[in-house]
Each structure stands twice: as C-alpha cells, then as structure tokens.
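Subject: Structure handover: aromatic rings

Hello,

Here is the structure I promised to pass on. My notes on its aromatic side chains follow.

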Amino acid sequence: MSAATRARAPSGVTWDGINWANVQRQVRGLQTRMVKAVQAGRHNRVKALQWLLTHSFSGRALAVKRVTENKGRNTPGVDKVTWKTPAAKTNAIASLKRRGYSPLPLRRVFILKKNGRTRPLGIPTVSDRIAQTVGKNYLEPILEEIFDEDSYGYRPGRSAKDAIGMARTRCWRHDWVLELDIRSFFDNLDHDLLPRAVRHHTDCEWVLLYVERWLKASVQLEDGSTVMRDKGTPQGGVVSPLLSNLFLHYVFDRWMRKHFPDIPFERYADDAVCHCKTLVQAQQLRAALEQRFAECHLELHAQKTRVVYCKDDDRRGTYPDHSFDFLGFTFRPRRSKNRWGKFFISFTPAVSNKAAKAMRGTMRSWGLHNRSDKSIEDLAGMFNPVAQGWINYYGRFYKSALYPTLRHLDLVLARWAAKKYKKLRGHLRRARHWLARVAQTRPGLFAHWKLVQPTVG
C-alpha cells in the first residue's frame, strides 16, 4: 500500500488494509453462534462454525493482530524469527493450514522474581503463538460459559481490581481469611488431567491434538540441549492462562461450590483467598484443600498458606497473623475515616511493600541521572504512561499509601535536575525547590502531580 493510499484509508483500516473492527465483529459473531449451537446440541452446526472460526480469514487475521499487539511480539523463539523478520506473518498463517503442524521446542529464559529467585519462561515461536491464539479464540467463549463468577484471572471483562474490591468487601463481613499459595503451579500441572478437562467441553479433533502437543512441547536450554516435559504448562504461552484456569476450575472452584458452598472466595490464576466465619472453619478448610490438591498432583506451600484474622475496631481478638498480600496489595488494619469524618480502624487493602519496592526499582532502572540530554517535557512523555498505570491500579484502594512512592519519583527528578542544570549542580535542596516551582506552574506535566506536589524538605 502506497503512502498516498494509506493517507486516504478510512478510520479502522490499518497499514495492511484490514479493517480490524469488522474482523473482531465477525469473530465475536462466530463465537456467539458457536456457543449457542453447543448449548442447543446441534452437532453439525458446531462443526461448521468450528471450521469457519479456525480457517476463515477473520479467524486467522485476528490471531495475527493479537500476537502483534502483545508486548513480547519481538521476542524470538528457538527459530530466532521475530515479527520484524521478513515474511514472518505469511509463514505464520501458512503454518496453520498444514495438517502436520507440530509446535517447535520452547526457548527457556529466566526472569527475576521479587524475592530474588528466578522464574522459568517457555517462549514459543511466532508461528506457534499464532496457532495458540487461534486455539484460544476457539476455546475461550465455550469455557467462559462454565467458569466461576469469582474467578478473575485472564478473563475478558474481569480484572485484578475487581478481585481486590470483592475481597475487601468480604473481609469486612467475615472474621477469618485462608490465604492460599500453590507451590510451583504452572510447573506441576498434570498432563493427563488437563486434556480430560478440555475433552469434556469439545470434541474438536484439532483442538484436542494441539492442546496435547502444546503441553508436551520440549524445552531448549541455553546450551542448545533439548529437554522433554511430562508436566506443567509453559509460562509465556498464549493459551497457558486459559488452560490453567480450566484446570483450577475443576480442582478448586467447582470443588469449593460443591463441598463448601457457604465459604466465598476470590481466585486470580493460582492466587486465591477464602473467607471463613470461624477459626475452626478456616483450619478445616485448609486440611481439606491440602488433601484435594494432593489428589490432583499439586501441593500447597506450607509457609505461604496461612490463616489470617481480619482485625479492626469491631474485631479486637488476638491472633499471630492479621495481614496478608493479594495481587500487589496488603490487607491489614488501617486508620480510616467514615462519611461523618470520624476516624476508626478498618481491615482494608493498600499497595504492598513489595510492590512499592518494585516501583522504586523500576525508577532506578530508568537511569535518569544519565539522561541530562533530555528536557523535562521529554521525561514526562517517556514515563507518564508507567506512572499513570501505577496510579490507576495501586491508587484504586487507600490511595494515600501510594504517596511516598510517588514522592520518590520527585526525588529522582530533582537529582536529574541537579545534574542537568549548572546552577543546581551539587545542590539537591535547591533542585527540589526548582521542581516544586515547575509543579506549581505546570501541575499537569507529570501524572502523579495531580495527587502529590513535590516537597522542598
């Protein structure tokens, strides 16, 4: 497409001439029709819609778009092909048409966790990411019909903030919380039980075959050697979150509704909290869950699975544990103010110390002291999206707990100014005064200045 043609392209049409709004609308329509056909038991109709969703141009094009929008789109697999590689898109779509499609080995990489340990990731190739996205587009609307309302992880229309909000409300109503932590869940997921769960919801041959192949795909280590896998689902795969949700739906969600229907819970992927009325009930639930997870070849972490007392002004009992972390927030007794201005102690969430430490580490990684070539407007444009994301998430509950971390960003900016401007060099206090004057004249320059103004102390 020429530059002149691109300039005349109507709204919604991208550089390759595809109207993505129409593509998404067509795929959603196919997914809705397929779910209704499954519910009505119309086998032939389901088969026809399966073929359309998998092999139609819209089905493949939407899979390509979702992969290209992903942050890891240019992370290569074992074939060293990225999205920038010539003909990568053509080869990826062509691979889906081959009857003998088989995924390539996963590339093993390690990322650093907050506790200093490393987490292994399995990076699939671009072609395999496209194939997994097609499979996810097929399975997701079917499984969404059966997933529990208190399952929040990696589901359309649900978020971690929804889980935090519901947990906060239930902590006010229940005195005890059982905090669950599954030891190395993604590495220990059973390869026999999961395909059985998928087979319960579809008889589509290619989905069953490819899910099994994706699960059992080998891993290529850094030295080039290949290792076979007999359990676990790779973190880094497109379809892995959906499959893990399905597994835990039967292992935990559905089991809880059957055996402990009076105990509410919130689950986000493999993180979950259960709300109990009494300490005895929480201890009984823990023992039952340990047995349940052992039956499914999983294990609860002995130290991280804890019973917590929701202490506040109305619940003044004593218990060793009265705080827990969930999705980057720490739930504990905090000083709050009601609508009439009266202060009281409430059991409520706020940004956790681990999350605040990670944010300050991210600020250090920016290396602002080495960016004296940039103007303050450039810095605002570069880092405002990150700061705004922190505010949107961690500022949702007990926003004032986030203020010290945001003020640390002002300290980083003051150090940048002290290095950039000659008259401020070596005078950090003078630099902070200068930054405070900028904030007064241009309060909207940085996202966090809407909440906290730079201090001069």
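Predicted model: local features only at pLDDT ≥ 70, side-chain atom pairs only at ≥ 80, totals over all residues.

Tryptophan 214 is buried, at 6% relative accessibility. Buried means under 20% relative accessible area, exposed over 50%, and partly exposed in between (1.4 Å probe, protein chains only). Tyrosine 210 is buried too, with a relative accessible area of 12%.

Residues are numbered from 1 along each chain as its sequence is written, and side-chain values use heavy atoms, leaving out hydrogens and water.

Now the ring pairs. Rings of Phe, Tyr and Trp (its six-membered ring) pair if their centres lie within 6.5 Å; planes under 30 degrees apart are stacked, over 60 edge-to-face, the rest tilted. The count by this rule is 20 aromatic pairs. Tyrosine 210 and tryptophan 214 make a tilted one, 6.0 Å centre to centre with 50° between the planes.

Tryptophan 416 is buried, at 1% relative accessible area. Tyrosine 421 is partly exposed, at 28%. Their ring centres are 6.0 Å apart and their planes lie at 85°, so this pair is edge-to-face.

One aromatic cluster consists of Phe329, Tyr393, Tyr394 and Phe397.

Best wishes
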